[in-house]
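Keep the viewer handy and follow along from one spot to the next.

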Amino acid sequence: MPTLTTQPARTAAARLPDALIASSLACAFGIFAFAGVMGLTGSRVASLIVAVGIAAFVAWFFWRRPIIPLDEGASSRALNVISGLATIAALFLLVRVCIFIINPAQVGCAISPSRGLGLVSNHSCLSAYYVAARSAAAVPNVYAYELYAFPAESPTSLRKPRSIESFNIDAYEYPPPFLLLPRALAIVAPDFLRFRMIWFALNGAVILIGILAVVRMLGPVAGTRALLLSPLVLASDLVIGTLQVGNLQAMIFFLTMIAMVLLAQRRYAAGGALLAFVTVSKLFPGLLLVYLLVRRQWRALAWTSGMIAALVVISLLDTGWTPYKAFLDHLPRLLGGESFPAFRNPGAFAKNYSVPGMAFKLQLFGVPGASFGAMKIVGWIYTLVVLAITVIVARRTLNREQEPLVWLTILILASLRSPFLPAYAVVPVLWLLTLLAATVAPTVRMLCGVLLAWLMLNIAMPQQGPDPRLTSVILLLPQAVIVILIVLALRSRPDSLGRAPVSLGV
């Protein structure tokens, strides 16, 4: 009789962490659903009803089918406290930025220029995708400076952006196939503000799904820790700021990781399609094709290559050859950095996390020869180094817990090849920090180190802030953390987590 009365209580207590995780995910997905339905319908009532329905479904689904069987021994009281506080902070920040996405007049809910990316509230990377998508089939050059800004008085003068609604229009710098996505979204949301809401919902959902997909690849021990640490990613002003401005960078990382998880599960069509899209959209994820080649994963490589060809053909049928001709003419300036307006503003390029950009940044300190030419040389040398690292790492025998660390590290290394890479470069590094921390016991000392690294990565420098030289020096701190985490990830050997090795073949 005592057993019958006490067992349900113990079961309910044991399921409490699952319930808290399910409810937190329900809130997050509900926030993004509200914004997405607002973009589609413009109705707050409909948005609220759908958001509540989706939140309820998510809560029920993850309560019945937890993301991963939680291992109580893998956690600690300190980790649980940090996870809980980070979850509360993340949901609070998401609600605030969602208010700004729904109503741009609520600038008090936006990340201020002294936080996160250090950008003013009327900055919108998404504006470039929208304008380019609406113009691609009608203009001779979708990369034309005058399409996004007023004509410059001189080659070195600061950019004077055009505006759309209350936002400045950013410059478009991506390959033509990427425009398939914003052009499709513009069909259902031709108005920019409604388009912005849908993009925010899509961006946020991809981040959440990416985090969960990687967690499910890990065993109970590392997976439990990674899941509990994951709120630190969304509790960052850098991530919230990236969602606010609608920049593509974070979405590319999380989509790529979802693609690699699908390919690891032998779901080649879906994984190949996603990896193909991110490759034709941002180029740098293509380094993972080298990884697949070295590991002789022929089916994954074949599906991805076929999907790349298909996306290019669909894009050509959609917009014609004109954007491709413009892109081929624009590409040398894109790779060399000359096309980026930020290099006209010392306050902007002082915040550049790019490895080639370091060469250009030296001109702030009077170093002779710190030019676009020097940046190109450094860029190609770095390309060879990263290619060699990818080949070496891909030749290793990896277990299942190591693979996501390797994929994400290769992506981060590849992204640092870009001539200009602002603070959103840190977003995938925050994720890497949580995955690395999940491979070791969550002692108080270790968690203090994680929080210290998290704080250093979140250092914010306003674009119109202190002397650009001081900005460059201060940002050496998060850049040093990035280097340390990359080295730790490449040297990581979480063999004690108990997975069988993954062979090189398919």
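His123 has Asn168 of β3 as its bridge partner. This is a predicted model, in which local features need pLDDT of at least 70 and side-chain atom pairs count only at pLDDT 80 or more, while totals for chains, interfaces and linings use all residues. Residues are numbered from 1 along each chain as its sequence is written, and side-chain values use heavy atoms, with hydrogens and water left out. As for the element names, helices (H or I, at least four residues) and strands (E, at least two) are DSSP runs, numbered from the N terminus.

So what order do the three strands take in the open sheet? The order is β1-β3-β2, and the pairing is mixed. At the edges sit β1 (123–124) and β2 (163–164), each pairing on one side only. Strands count as paired if DSSP finds at least two bridges between them; β1 and β3 (residues 167–169) pair in the parallel sense over two bridges. Strands of a sheet pair through backbone hydrogen bonds, either parallel or antiparallel. The loop between β2 and β3 holds Glu165, whose phi is near 55°, a positive value in a residue other than glycine.

## Two helices side by side

Now for α11 (residues 249–264) and α13 (residues 287–294): their axes come within 12 Å and cross at roughly 20°. Axes here are lines fitted to C-alpha atoms, for helices over the stretch in contact, with angles running from 0 to 180 degrees between N-to-C directions. That crossing makes α11 roughly parallel to α13 (angles under 35 degrees count as roughly parallel, over 145 as roughly antiparallel, 65 to 115 as roughly perpendicular and the rest as oblique).

Which residues make the contact? From α11 come Thr256, Met260 and Leu263, and from α13 come Leu288, Tyr291 and Leu292; contact means heavy atoms within 4.5 Å. By class, the residues of the contact of α11 with α13 are five nonpolar, one polar and no charged (Ala, Val, Leu, Ile, Met, Phe, Trp, Tyr, Cys and Pro count as nonpolar, Asp, Glu, Lys and Arg as charged, and the others, Gly among them, as polar).

Past α13, Arg296 sits in the loop between α13 and α14. Arg296 has a positive phi too, near 60°, in a residue other than glycine. Arg296 counts as partly exposed because its relative accessibility is 40% (buried means under 20% relative accessible area, exposed over 50%, partly exposed in between, with a 1.4 Å probe and protein chains only).

## Buried spots

Helix α6 (residues 180–188) has these buried residues: Leu180, Leu181, Pro182, Arg183, Leu185 and Ala186. Their cover includes α5 (126–135), α7 (192–217), α12 (268–282) and α14 (298–319). Thr279 belongs to α12 and counts as buried because its relative accessibility is 10%. Leaving aside neighbours within four places in sequence, Thr279 touches Pro285, Gly286, Leu289 and Ile308.

Further along, Ala359 of α17 (residues 355–361) is buried at 12% relative accessibility. With neighbours within four places in sequence left aside, Ala359 contacts Ala370, Ala374, Met375 and Val378.

Ala438 lies in the loop between α20 (427–437) and α21 (444–457). Is Ala438 buried or exposed? At 1% relative accessibility, Ala438 counts as buried. The C-alpha atoms of Ala438 and Gly223 are separated by 7.3 Å, though the two are 215 residues apart along the chain. Beyond its neighbours within four places in sequence, Ala438 is in contact with Ala222, Arg225, Ala226 and Leu229.
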